[in-house]
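This briefing sets out the architecture of the model shown below. It is arranged by topic for reference during further computational work.

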Amino acid sequence: MAGLAIGRAGPRGRPGLARIALALGGLLLLAALASLLLGAGEVGPARALAVLLGGGDEEARFVVGALRGPRTLIGIVVGVALGVAGALLQAVSRNPLAEPGLLGVSAGAAFAVALALWLGASAATLRIAVGQLGALVGCACVLSVVRLRGLGGDPVRLILAGATFTALLGSLTSLLLLFDQRSADEIRFWVIGSLAGRRLEDLLAVLPSLAVALGLTLWMARPLAALALGERVAAGLGHRPGRVRLVVVLVVALLVGAATAIAGPIAFVGLVVPFAARALAGPDIRRTLWLCMPLGPLMVLGADVTSRLLVAPSELPLGVLTALLGAPVLVAVVRARRLPTL
Amino acid sequence: MFSASHIVRRWTRRRALTLFAAALCLVLSSTAEARTLDTAHGEVEVPESPERIVTLYEGALDAALAAGIVPVGAVTTRGGDGVAGYIEAHLDALSPDARPAIVGVVRELNLEAVLAQRPDLILAAPQLSAEQYALLSRIAPTVVPATRPLAADNWQAEARLYGEALGRAAEVEAAIAELATRSAALAEALAAAGVNGSANLIRWMPQGPMVMSAQLFASGLIEAAGLEIGDAGLVREGGSHSDPLSLENLSRLDGDWLFLATLNAEGQEALDAARTSPAFARLPAVQAERVVPVDGQLWTSANGPLAAQAILDHLEAALLP
């Protein structure tokens with residue numbers, strides 16, 4: 001994409017984007033390797049490595065091939081989706097606190113799936129589309145409540161609206177679960193994000209919509225960067241701010257809906273990843289988007305591997321760990337002397 | 001699973017037995033006085049012949065029905081809107097018209113609903129909190145069995161206490177005795193049919209199973225039927241089940257038989273769902289087609305002599321070739 005400034009040395013003497021991206025890519029590779037080698041089970045790194053080198057015993061082949069492999073792939077996809085969605089949402093709302101989980105997007109997806117299950121849908125087939133639709137509706141509700149236009153000036157109001165809406169949807173979801181214990185069984189673990197036991201078929205089902213969303217993202221990067229300069233400047237450069245926002249919100253809903261549909265709501269990835277990306281590459285959305293792609297999976301895989309090792313032979317839900325990582329970052333951003341507006 | 005008429009037939013036979021035992025008991029101890037019971041909250045005096053009984057525990061409801069008494073109020077089974085399915089069958093036989101009013105769930109009692117039943121005796125769970133007890137005992141004499149460390153036969157002592165409170169100790173005793181005979185007979189039949197080996201009782205979830213303790217009520221019955229039940233060393237001391245086990249560790253579930261409990265009525269559906277997990281599909285018990293989907297309401301929530309009979313019915317149907 002011509003609009004993405006890759007490779008050039010950044011402003012204020014930052015190291016070149018390509019170099020950072022390369023380093024992050026290397027780290028991601030290590031994380032993926034760790035995700036394949038480490039687990040809560042008896043198959044240790046040595047046996048798993050033997051599998052990767054083409055040998056290994058039957059048990060190890062199964063654990064690496066059928067359990068850790070899909071899990072790693074899903075982690076990478078979910079990480080990319082959440083990281084990019086976070087960066088987009090923060091850019092379009094010009095608010096460094098915007099996070100899909102805080103803005104009712106994940107809660108909308110979870111509520112939609114609970115509703116579908118309650119109405120008797122079979123979970124496997126409908127989940128993806130329903131989750132994405134719920135994410136879209138949730139996002140639209142919050143954004144319309146605070147009126148997109150005034151967001152830049154008041155980041156905290158957006159977060160308050162999102163938190164309120166999330167709480168509302170959360171209680172509605174609980175209500176549905178109380179009504180119907182059958183779907184409660186199915187959904188109780190689904191509403192705690194996790195990569196364990198998720199199916200590769202679900203991943204395949206969301207790939208098309210993720211591809212569309214990522215394509216739109218690349219197309220939107222340049223208008224978004226212009227929008228960061230202000231509404232008038234963007235209009236003067238020939239972009240239509242209203243349409244840009246609409247498309248971006250749609251993309252965010254697609255990304256978060258897909259990620260939530262596969263892995264359940266995973267909090268704070270969309271907050272921490274763009275935060276880290278900005279710290280590395282500066283505020284330009286065209287640069288941070290590139291970094292979010294390796295950073296997202298890096299965080300998800302790192303948290304997932306940790307979740308397997310902490311309480312073996314059981315596992316912690318991934319959502320718990322990302323929240324532990326993310327909450328301090330949220331506090332740090334809020335406590336910063338001046339809330340940076342994007 | 002098993003037909004209602006099957007239960008009813010069994011029930012009538014047992015009732016004949018218990019009536020006989022009761023008659024015997026009446027002859028022996030015709031000097032029954034206003035009874036004082038030793039409960040978890042000290043000595044409690046209960047009425048001579050209680051008439052409006054509220055049971056706040058599935059085991060108490062079970063024991064009352066086994067003694068031939070239909071409570072006026074009861075709590076729901078875990079994860080259900082009403083009493084457990086196997087209880088319904090007994091209610092159909094005992095009192096087709098009047099049903100116990102639902103007065104809450106075990107962990108969340110509706111005290112006003114209890115009060116509305118104007119009970120003269122309340123039978124509650126061993127886990128009842130002191131605060132709840134203080135309130136309930138102002139409504140009616142409340143009988144709470146002492147809490148014991150988790151063990152598969154705790155229910156017997158509890159059922160006996162409930163039986164005494166109801167003035168029907170002999171009936172409950174007879175039901176427990178009949179159960180011992182029944183499980184011994186089943187164990188013999190299974191041994192003769194060559195059914196043996198080890199077993200695990202689990203609740204399946206997509207992220208991994210929870211292994212149920214070998215000290216549970218149902219585990220004890222599986223053991224009484226001659227299978228060796230284990231928890232693969234995963235259940236903490238005193239816990240009723242493990243944390244969800246990582247899918248990578250499923251190979252620890254190496255029992256010959258796998259009892260798969262769900263809170264849904266659709267046990268087969270749950271089994272089919274579990275089968276889509278490659279980690280589940282390669283368990284030895286699954287490969288050997290030795291998975292028994294069981295009703296979690298009955299197997300992991302209920303207890304008492306009637307529940308035990310229902311579980312043995314299921315074991316017999318599922319295991320005897």
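A residue is counted as buried if 20 or more other C-beta atoms lie within 10 Å of its own, with C-beta atoms placed from the backbone. By this criterion, buried residues make up 51% of the 321 residues in chain B and 52% of the 342 residues in chain A. The model is predicted, and the points below should be read accordingly.

**Overall composition**

- Chain A contains 13 helices and zero strands.
- The secondary structure of chain B, by contrast, comprises 13 helices and 14 strands.
- Among contacts in chain A with a separation of 6 or more, 78% are between residues 24 or more positions apart.
- The corresponding share in chain B, again for contacts with a separation of 6 or more, is 70%.

**Annotated spans of chain A**

- An unreviewed UniProt entry lists "transmembrane region" for residues 72–89, 101–120, 126–146, 158–179, 203–225, 246–276 and 318–336 of chain A.
- One of these spans, residues 158–179, is 100% helix and 0% strand in the model, and its end C-alpha atoms lie 32 Å apart.
- Another, residues 246–276, is 84% helix and 0% strand, with 26 Å between its end C-alpha atoms.

**Nonpolar core**

- The largest nonpolar core has 210 residues, and those with the most contacts inside it are A:A81, A:V252, A:L255 and B:L123.
- Helix α3 (residues 58–93) of chain A provides the largest share of this core, at 19 residues.
- Chain B also takes part through both of its domains: at least three residues of the core come from each of domain 1 (4–177) and domain 2 (187–319).
- Beyond its neighbours within four places in sequence, B:L123 is in contact with B:I53, B:T55, B:L56, B:Y57, B:A60, B:A64, B:V143, B:Y162 and B:A165.

**Contact between the chains**

- Chain A and chain B each place 21 residues in the contact.
- On the side of chain A that touches chain B, α3 and α7 (181–188) of chain A each supply at least two residues.
- Helix α3(A) gives the largest share of that side, namely five residues.
- The side of chain A that touches chain B consists of ten nonpolar, six polar and five charged residues.

**Domains of chain B**

- Chain B is divided into domain 1 (4–177) and domain 2 (187–319).
- Contacts between the two domains involve 25 residues of domain 1 and 21 residues of domain 2.
- On the domain 1 side of this contact, α2 (58–66), α3 (85–94), α6 (154–166) and α7 (169–192) of chain B each contribute at least two residues.
- Helix α2(B) gives the most to that side, with six residues.
- The residues on the domain 1 side divide into 14 nonpolar, six polar and five charged.

**Parallel open sheet in chain B**

- Five strands of chain B form an open sheet in the order β5-β4-β3-β8-β9, with parallel pairing.
- The edges are β5 (101–102) and β9 (142–143) of chain B; each has a single partner strand, so one side of each is left without a neighbour in the sheet.
- Strand β4 (residues 73–74) of chain B runs parallel to β5(B) and is joined to it by two bridges.
- Within this pairing, B:G73 has B:A101 of β5(B) as its bridge partner.

**Enclosed elements of chain B**

- Strand β14 (residues 291–295) of chain B is largely enclosed by the rest of the structure, because five of its five residues are buried.
- Strand β13 (residues 257–262) of chain B pairs with β14(B) in the parallel sense over five bridges, and B:A261 has B:V294 as its bridge partner in β14(B).
- Helix α8 (residues 217–224) of chain B has seven of its eight residues buried, so it too is largely enclosed by the rest of the structure.
- The buried residues of α8(B) are B:F217, B:A218, B:S219, B:G220, B:L221, B:I222 and B:A224.
- Just after α8(B), B:G226 adopts a positive phi of about 105°.

Terms used. Residues numbered from 1 in each chain as written. Chains lettered and ligands numbered in written order. Predicted model: local features only at pLDDT ≥ 70, side-chain atom pairs only at ≥ 80, totals over all residues. Core = buried A, V, L, I, M, F, W, Y, C linked by C-beta atoms within 7 Å. Buried ≥ 20, exposed ≤ 12 C-beta atoms within 10 Å, placed from the backbone. Helix = DSSP H or I, 4+ residues; strand = E, 2+ residues; numbered from the N terminus. Domains from an automatic or database assignment. Contact = placed C-beta atoms within 7 Å. Pairing = 2+ DSSP bridges. UniProt positions renumbered as here; feature names shortened; annotations may be inferred. Nonpolar A, V, L, I, M, F, W, Y, C, P; charged D, E, K, R; others polar.
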